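The following note sets out some points on the packing inside this structure. Please read each point with the model in view.

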Amino acid sequence: RLRHTAIGVNFRDTYDRTGLYPLSLPSGLGVEVAGVVEAVGAGVTGVRGGDRVAYCGDPLGAYATAGVYPADRLVEVPDGIGDEDVAAILLKGLTVWFLLRRVHEVRGGETILFHAAAGGVGLIACQWARHLGVRLIGTAGSREKADAALAQGAAAVILYREEDVPARVRELTESAGVPVVYDSVGRDTWVASLDSLQPRGLMVSFGNASGPVEGVRLLALASRGSLYATRPRLADYTATKDDLQAGAGELFDLVLGGVIRATIGRRFPLAEAAEAHRALEARATIGSTILSP
């Protein structure tokens, strides 16, 4: 059992709340939390009362003052990383880890397109890509958000409300396009993402901020140069304890080394979780949003 100290807010939470991701009711809400172990069940090893730990994923229940979680899904929080920072980066940082290190292992010198570059996931991706020597082209909805992404390591940012994204990608890549697009926006950016890829490029759709992608035509992949497409989930890349610990360990090492820093744009008390969702869905946030229990 954990006493919660800081709660992360994620787009996943809005999908669960609206029914885009169907839940079996009654259900809690929230998939990312930092806390202190208050008690452990019989036979539990590896954690004990008083340990600082964090959790992300299923089962839901982070939007609370305390919760009970599977012990083998907890990760130890190193000294030197605060609870709010953990709640701001664990799920989002693990998302960047599996995208850049597992789905398509980016290489130094490579150029990639990453949508929503000023969001909680996007700003971590900017920092991680810069660390790996990768040229990240981001998209953002305002100059303020573009400046935030550039400050965190993006090589260039396209203002998608004002500019033609595929055309700007071609300009920035000398007409070549990019080998991979990471897209958490979904419906609104699907076609533009495909049109930004080079032949045999990979489309990674990992979110639905504008709604789910529907009516996909496989011929659309063929006509653009034998493209690949995948819809990965963090849960499948951290399904084993070893994978979870490997991802968290790599993330925390980069945080302790100063490579990745949490950007907390908004804080809300737990009682105002609805307002936090409204801000997130209105795309009125930069970086991560957290709740205080």
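1. The largest nonpolar core holds 77 residues, and Leu90, Trp128 and Tyr182 have the most contacts inside it. A nonpolar core is a set of buried Ala, Val, Leu, Ile, Met, Phe, Trp, Tyr and Cys residues joined through side-chain atoms within 4.5 Å; buried means under 20% relative accessible area (1.4 Å probe, protein chains only). Helix α2 (residues 83-103) gives the most to this core, namely 13 residues. Helices are DSSP runs (H or I, at least four residues) and strands likewise (E, at least two), numbered from the N terminus.

2. This is a predicted model, in which local features need pLDDT of at least 70 and side-chain atom pairs count only at pLDDT 80 or more, while totals for chains, interfaces and linings use all residues. Residues are numbered from 1 along each chain as its sequence is written, and side-chain values use heavy atoms, leaving out hydrogens and water.

3. Leaving aside residues up to four places away in sequence, Leu90 touches Glu32, Ala54, Tyr55, Cys56, Val75, Leu251 and Phe252 (contact means heavy atoms within 4.5 Å). A second, separate core of 15 residues includes Ala156, Ile158, Val181 and Leu194.

4. In helix α10 (residues 273-281), the buried residues are Ala273, Ala276, His277, Ala279 and Leu280. They lie on the same side of α10, because they cover an arc of only 160 degrees around the axis, taken from the directions from the helix axis to the C-beta atoms. Their cover includes β1 (2-9), α1 (11-18), β12 (264-269) and β13 (288-292).

5. Just after α10, Arg283 has a positive phi of about 55 degrees.

Key: Buried means under 20% relative accessible area, exposed over 50%, partly exposed in between (1.4 Å probe, protein chains only).
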